[in-house]
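Reader: Could you walk me through this one slowly? I am still new to reading structures.

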Amino acid sequence: MTQTPPDGERFEFTTDLRHGGWAGVTESSLVVETDARYRVDADDIQEVTFEDVDWFVGILGLVVVGYGLYSTQFDVLFGLAFAVVGVVSLYLTYRKRNRVRIRVAGRPKPLTIYPPSTESFQQALDPILVQKDTDTRKN
């Protein structure tokens, strides 16, 4: 994967994504390359949501695992089934940590990426979002 910026711009920030691909921030746009390459101008970004971990679902998964293990003393098959469901829930919750959803104008579904750290990605994305907000207020 080549991390070449569009139109001779320079990347202010680049990062690899956990599920493959990379993302880069220029001074006026966001570039994401996963299965395809997406270039999103700052003006087209409607909303950005940063999600660390869904703690409720994680704790619920732990409770289901605990209940399943406790239930094995009464019915082994039933208890193991509950424990497996809890472990699968924990695994899926762990995979979805550090999720960034970017709502883009003209795109029905948000662009979802998984950077290693949402904090550093948010710090890199803040300047173009602030620039977009000040440009919108001037008009």
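Author: Let us begin with Arg107, which is placed in the loop between strand 6 (99–104) and strand 7 (111–113); helices (H or I, at least four residues) and strands (E, at least two) are DSSP runs, numbered from the N terminus. This is a predicted model, in which local features need pLDDT of at least 70 and side-chain atom pairs count only at pLDDT 80 or more, while totals for chains, interfaces and linings use all residues. Residues are numbered from 1 along each chain as its sequence is written, and side-chain values use heavy atoms, with hydrogens and water left out.

Reader: Which ring does Arg107 lie over?

Author: Arg107 lies over the face of Tyr38, at 4.9 Å from the ring centre; a charge sits over a ring if NZ of Lys or CZ of Arg is within 6 Å of the ring centre and within 35 degrees of the ring normal.

Reader: Switching topic, what does UniProt annotate here?

Author: An unreviewed UniProt entry carries the annotation "transmembrane region" for residues 53–70 and 76–94; its positions are given in the numbering used here, feature names are shortened, and annotations may be inferred rather than shown by experiment. In the model, residues 53–70 are 89% helix and 0% strand, with end C-alpha atoms 26 Å apart, and residues 76–94 are 100% helix and 0% strand, with end C-alpha atoms 27 Å apart.

Reader: Where is Phe74, then?

Author: Phe74 is in the loop between helix 1 and helix 2, and Phe74 counts as exposed because its relative accessible area is 64%.

Reader: Which residue does Phe74 form an aromatic pair with?

Author: A search of the whole structure finds 5 aromatic pairs. One of them joins Phe74 to Tyr70, edge-to-face, at 5.6 Å centre to centre with 75 degrees between the planes. Rings of Phe, Tyr and Trp (its six-membered ring) pair if their centres lie within 6.5 Å, and planes under 30 degrees apart count as stacked, over 60 as edge-to-face and the rest as tilted.

Notes:
Buried means under 20% relative accessible area, exposed over 50%, partly exposed in between (1.4 Å probe, protein chains only).
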